[in-house]
Amino acid sequence: TSTQPTGVLDVSPVIPVVVIEDVDTAVPLARALASGGVRIVEVTLRSDAALTAIERIATELPDVLVGAGTLTTPAQVKDAVGAGARFLVSPGSTPTLLDAMADTGLPYLPGVSTASEVLAMLERGVTEMKFFPAEAAGGHPFLKALTGPLPRARFCPTGGITPLNAPNYLALPTVGCVGGSWLSPADAVSTGDWTCVTQLATQAASLGLT
Ligand code: 3PG
C-alpha cells in the first residue's frame, strides 16, 4: 500500500476551484484569495493557461499552496508537477491515475463517489479524498451515511457546494474541507474585481468556525 502525504484538507475550510482563462489574472486572483485568509487554490487543467498559471502562483506566491485539478491522465500529472503544483486533484480514481499521482510524492485527492471506491482508496493507504460530484452524488445525507462504516476516510466534498450548504458538510467528522468555484465568479475575475474575491474568501475562511 502506498502512503499518501496528507494535510491538504487542513489548510482552509474551503479549497477554491478556479479556471484561469487569462494567465495574467492568476497571481492577482490567488493574492486576493490569500488576502481573505484562503491560502490554497486548485487550478483546474481545463484551460490553455492553467499550467502557466500554476507556475506563476508557485513562483510569485510561495505562501499560497497551489494545486492542479481536473487531472485525468498520467501525462497531465507530469505536466502539473513540472509546473510546480504542490498537490493534485482528480475527479475520479483509476489504478493508472492513482499510481501516477502516488509516484509524485505530493499530496493528492482522488475523486470518489461510492462506498466501494472509498474502500479501494483505504486499501491503498489513501485516507484523504475528494467526494465528487458531491451534491449530485447524494450530498450530505450520503456522506453522513458513509461515516459510520468508513470512519477513517476524510473527504473534501466538491461539486455544487455553496456558502449555504458548506456548513452542513463541514460539521461531519469525516469532512476536512469543501471545494468550490464560487469564490472566483467569472465576471469578477475578468473585470479584475479582486475586492469581491477577497470578500468571498473572507466569508469562506470563517466557515466551519461557528
Ligand atoms: C470541480 O472541478 O471540482 C467542480 O467543477 C467544482 O464544482 P462547482 O463549480 O460546483 O463548485
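**Ligand shell and parallel sheets in a predicted model**

Classified by residue type, the shell around the ligand comprises three nonpolar, nine polar and no charged residues. The structure is a predicted model. The residues surrounding the ligand are Val17, Thr44, Gly69, Thr70, Phe132, Thr158, Gly159, Gly160, Ile161, Gly179, Gly180 and Ser181.

**Backbone geometry at the ligand shell**

- Most residues other than glycine have a negative phi, and most peptide bonds are trans.
- Thr70, one of the residues around the ligand, has a positive phi near 60 degrees although it is not a glycine.
- Thr70 is located in the loop between β3 (65–69) and α3 (74–83).
- Thr70 has 19 C-beta neighbours inside 10 Å and therefore counts as partly exposed, since a buried residue needs 20 or more.
- Phe132 also belongs to the ligand shell, and the peptide bond leading from Phe132 to Pro133 is cis, with omega near -10 degrees.
- Pro133 is found in the loop between β7 (128–131) and α6 (139–147).

**The six-stranded sheet**

- An open sheet is built from six strands with parallel pairing, in the order β5-β4-β3-β2-β1-β9.
- Strand β1 (residues 14–18) is joined to β9 in the parallel sense over three bridges.
- Within this pairing, Pro16 has Gly180 of β9 as its bridge partner, and Gly180 is also among the residues surrounding the ligand.

**The three-stranded sheet**

- A further open sheet has three strands in the order β6-β7-β8, again with parallel pairing.
- Its edge strands, β6 (111–112) and β8 (154–157), each pair on one side only.
- Two bridges link β6 and β7 in the parallel sense, and Val112 stands opposite Phe131 in β7.
- Four bridges link β7 and β8 in the parallel sense, with Met129 opposite Phe155 in β8.

Terms used
Residues numbered from 1 in each chain as written. Predicted model: local features only at pLDDT ≥ 70, side-chain atom pairs only at ≥ 80, totals over all residues. Pairing = 2+ DSSP bridges. Buried ≥ 20, exposed ≤ 12 C-beta atoms within 10 Å, placed from the backbone. Near = placed C-beta within 6 Å. Nonpolar A, V, L, I, M, F, W, Y, C, P; charged D, E, K, R; others polar.
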